[in-house]
Amino acid sequence: MTSLKIHTIESAPEASKLLLEGSQKAFGMIPNLHGILAASPQALEGYQKLHELFSNSSFNAEELTVVWQGINVEHECHYCVPAHTGIAHSMKVDAALTDALRNEQPMPTPKLQALLDTTLIIVRNRGHITQEQLDTFYAAGYGEQQLLDIILGLSQKVISNYTNHIGNTPIDKPFEEFVWTKAK
């Protein structure tokens with residue numbers, strides 16, 4: 001396994017220090033992912049900005065969780081699945097939803113199932129989607145904005161999931177109780 005350096009505010013490149021201070025303030029700690037991304041101030045800033053934008057997209061807390069965790073589980077991200085389980089709990093998302101996502105079980109509503117299905121189609125087919133698949137998504141109550149918001153969330157998750165694979169990022173202490181491995 002590979003690993004990348006986890007920077008602190010003191011060890012980070014100068015252009016990352018303020019960004020890490022922001023992470024410390026926002027989370028009460030510097031998440032290990034942010035410490036790794038700090039080696040590239042642009043990667044850290046890009047990730048933080050994408051997170052902010054996606055968090056403020058057209059999706060509610062449950063829908064954000066479906067997109068994030070659907071992608072995290074599909075990418076088999078050992079770090080992001082536990083982290084987003086904890087984040088979902090802090091956003092008051094029903095634990096049954098997070099458990100279903102973690103275990104690749106059906107969603108509790110047809111609308112959330114359509115969101116998950118469309119997210120996974122986009123991930124698995126690298127953005128290729130048929131009109132019939134789009135029509136199913138739209139019939140569930142979503143529109144073009146939500147379709148593009150999925151792509152925004154995917155952009156954020158590619159940065160984090162791939163960095164965690166390469167960096168072998170250790171799970172942060174607050175999320176250790178949510179450790180996860182993909183069911184075989």
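# Reading the labels on a predicted model

Tutor: In this predicted model, G127 is partly exposed, with a relative accessible area of 48%, and G127 sits in the loop between α7 and α8.

Student: What makes G127 partly exposed?

Tutor: Partly exposed covers the range between the buried limit of under 20% and the exposed limit of over 50%, and because the relative accessible area of G127 is 48%, G127 is classed as partly exposed.

Student: How do you know that the side chains of E74 and R124 meet in a salt bridge?

Tutor: The N to O distance for E74 and R124 is 2.9 Å, and a salt bridge requires a side-chain nitrogen of Lys or Arg within 4 Å of a carboxyl oxygen of Asp or Glu, so the pair qualifies.

Student: Why does the pair of E52 and K49 count as a salt bridge?

Tutor: The distance there is 3.8 Å, N to O, and because the cut-off is within 4 Å, the pair of E52 and K49 is counted too. Both residues lie in helix α3, three residues apart, which is about one turn of the helix.

Student: How many salt bridges does the structure hold?

Tutor: The structure holds four salt bridges, among them the one between E104 and K182, whose closest N and O atoms are 3.2 Å apart. E104 lies in the loop between α6 and α7 and K182 in the segment after α9, so this pair ties together parts that are 78 residues apart in sequence.

Student: Which residues have the most contacts inside the largest nonpolar core?

Tutor: That core has 27 residues, and those with the most contacts inside it are F59, V66, M107 and L115. The largest share of this core, six residues, comes from α7. Leaving aside its neighbours within four places in sequence, F59 is in contact with residues including F54, L64, V67 and L115.

Terms used
Residues numbered from 1 in each chain as written. Predicted model: local features only at pLDDT ≥ 70, side-chain atom pairs only at ≥ 80, totals over all residues. Heavy atoms only, no water. Core = buried A, V, L, I, M, F, W, Y, C linked by side-chain atoms within 4.5 Å. Buried < 20%, exposed > 50% of the residue type's maximum accessible area, 1.4 Å probe, protein only. Helix = DSSP H or I, 4+ residues; strand = E, 2+ residues; numbered from the N terminus. Contact = heavy atoms within 4.5 Å.
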